[in-house]
Amino acid sequence: MALTSQVFEFQAQARQLLDLMVHSIYSNKDSFLRELISNASDAVDKLRLEGLRDKDLDADISDLHIRLTPDSEARTLTVSDNGIGMTRDEVIELIGTVAKSGTDELRQKLAEKDPADAGDLIGQFGIGFYSVFMVADRVELVTRKAGETVGTRWESTGDGTYTLDEVADAPQGTAITLSLKPVDEDDAVNDYADQNVLRRLVKKYSDFISWPIRMTVVKSVPGEPGEDGETPEPTVEEADETLNSQKALWAKSSSEVSKEEYAEFYRHISHAWDEPLETITLHAEGTFEYQALLFIPTQAPFDLFMRERSTGIHLYVKRVFIMDDAAELMPEYLRFVQGVVDAADLSLNVSREILQQDRQIRAIRRRLVKKVISSVQELQDRRPEDYQTFWANFGRVFKEGLINDHDNAKAILKASVFASTASETEPTTLVDYISRMKADQDVIYYMTGESRTQIERSPHLEAFRAKGIEVLLLSDPVDEVWVSSGLDFEDKQLVSIAKGVVDLDGDDADVDEEAKTKQQEQFAPLLTWMGETLTDEVTEVRLSSRLTESAACLVGDAFSMTPQLEKLYRASGQPVPHSKRILELNPDNALVTALVGKFDAESDDHADLESTAKLVYASAVLAEGGDLEDPAEVAKLLADALTKNLG
Ligand code: ADP
Ligand code: MG
């Protein structure tokens, strides 16, 4: 019996998503059933766990199941479960709002995009419960939380508001009744009140659900022949039919499971709507017995870079669901991996605290990590297009492993690709880089920066470009961090071209050592004076062998932080001192030769050259895309110099 009926407005985000659903721009309307069954299955999982945890819970957990009740005359379909249910507040919180992170991004993208592409975005974002409005013009949800006495009725036509009532006699769990839209004339398979259609859809989308999905069917039973030999009328009986096989896909060998079945299972556990890019199965026997079924998604979820994101690994013990974000089983840098681990020897009431200590869990995790990395390597070796998709979506996350996972860093490095000066468009593996190395080159050169364009403009690259030496162009924030951890690859050190001394001439026989020494002598007084003049900005001024065009550039010593890394630390709230670098001058540059020509080594007074020295430094900062400490002063020096030049 309804007591007080109250009207509520959907939260703004929810309203917009609903609007999309009502006008159903997503082509695969069947998905609504998968979503409802998936939610029902989660609710039943939760109640079973709660029942274990709380022995006094006043709830019946003896026959947990999901039920479909179609009514073709009334054109309704009810999907019900006797799971955990929701309180009134939870209904408002969970059904009245879209708490899902990334909703704002989705809306923004929808606003920018052609409506024709919106379906793709919906698929990418994944619309859970609201997908019912693709097929129904009115939806009623009646729910009672396990252990509570009063239930809640929620009702909406998806038009921006919903009503809530109290229900005194609601059964425990949740029942969702859809008033179905008229059947598409030319598409009878879309009649969701038809038992055959439902049977087929459950098989297709939800066969693996571990709880029975039941439907009451009417059977005609032939009557017993009477004693008088008369043929009796058949009797009509109602019977429950279980629509799903309930088989755990991870327990089967991969040859027994179709690609489509894996994909549906992936969508169920990840709450996603895309296809898995790669499916990984693992059956371990021996000391620790376990099975794992893991997926690498095709699309990055919207919240991949958000802190609060949970991991995607579900833990089962002997087919029984235990928890859905077993963070202990997958490191953070593989947080895009979704899947199930079923361990045979854990206790059914294993807690998070126990998981953190468990030797078996650690062993499983080690094995899973290696398996995921080798799967990525396999994509790189055998399926270049899929690898490209993987890298575009997850490369930045994957590289976090270079910082955090020392045991696997080499394998991660090998399975990664990097932009390089060898190609505008194709990133390179380190193996390929090494195969292109010059005969006398024994290290891998890289430069970090904020973007490829910015790095490419930097003067540090000049000599490398002139000599045709390949340089990796690393522009993800995470690159700054891992390159400074001193990794090498196949015994080749990774060396920054913006740090330390670069001697590209090596033992080149053409180099005239005598001329070089003479040049050093000629420049020495200028270099000393400039070092003193710029003492607040740089540690030293010296001649460069990495420049061919520019007058000057700044380099760090081998262990100093790059300006980008300093920026990163500051952005994350960690104060770091500004580290001074070395100013290198190009002795072949016209400005530098003019400067040395003007410099009178005999005199003590070089005030006339001070502003030029400062401008040379400023131009080196600007060339690498850095920030001047006092831009106003530089602008003034520049204006003075120009005035002098014109006057
Ligand atoms: P998701 O499943 O990705 O969280 P949904 O839109 O499908 O998103 O569902 C939103 C939330 O509503 C669920 O997380 C769950 O808390 C709650 N919910 C939905 N259906 C049920 C149900 N049958 N029983 C209990 N809670 C439910
Ligand atoms: Mg859901």
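Begin with ligand 1 and the side chain of Thr174, where an N or O atom of that side chain is 3.3 Å from a nitrogen atom of the ligand. Please bear in mind from the outset that this is a predicted model, and that the distances quoted along the way are computed from it.

Then select Phe129, but look at its backbone, where an N or O atom lies 2.9 Å from an oxygen atom of ligand 1.

The next stop is a pair of helices. Select helix α2, residues 31-53, together with helix α7, residues 259-270, and you will find the two packed at an angle of about 55 degrees with their axes 10 Å apart. At that angle α2 and α7 are therefore oblique to each other, and α2 passes α7 in a right-handed crossing. To see what makes the contact, show the side chains of Arg34, Ser38, Ser41 and Asp42 on α2, and those of Glu264, Arg267 and His268 on α7. By class, this contact of α2 with α7 has no nonpolar residues, three polar ones and four charged ones.

The crossing of α2 and α6 is right-handed. In α2, pick Leu33, Arg34 and Ile37, which meet Leu198, Leu201, Val202, Tyr205 and Ser206 in α6. What is the make-up of the contact of α2 with α6, by nonpolar, polar and charged residues? The residues divide into six nonpolar, one polar and one charged.

For the last stop, select helix α9, residues 359-382, and helix α10, residues 384-398, whose axes come within 8 Å and cross at roughly 140 degrees. That angle makes α9 oblique to α10, and α9 passes α10 in a left-handed crossing. Finally, display Ile373, Val376, Leu379, Gln380 and Arg382 in α9, which meet Pro384, Asp386, Tyr387, Phe390 and Phe398 in α10. Coloured by class, this contact of α9 with α10 shows seven nonpolar, one polar and two charged residues.

Definitions and conventions
Residues numbered from 1 in each chain as written. Chains lettered and ligands numbered in written order. Predicted model: local features only at pLDDT ≥ 70, side-chain atom pairs only at ≥ 80, totals over all residues. Heavy atoms only, no water. Axes fitted to C-alpha atoms, helices over the stretch in contact; angles between N-to-C directions. Helix = DSSP H or I, 4+ residues; strand = E, 2+ residues; numbered from the N terminus. Parallel < 35°, antiparallel > 145°, perpendicular 65-115°, else oblique. Left-handed = near helix turned anticlockwise from the far one by under 90°. Contact = heavy atoms within 4.5 Å. Nonpolar A, V, L, I, M, F, W, Y, C, P; charged D, E, K, R; others polar. Polar contact = N/O pair within 3.5 Å; in protein donor to acceptor, adjacent residues only side chain to side chain.
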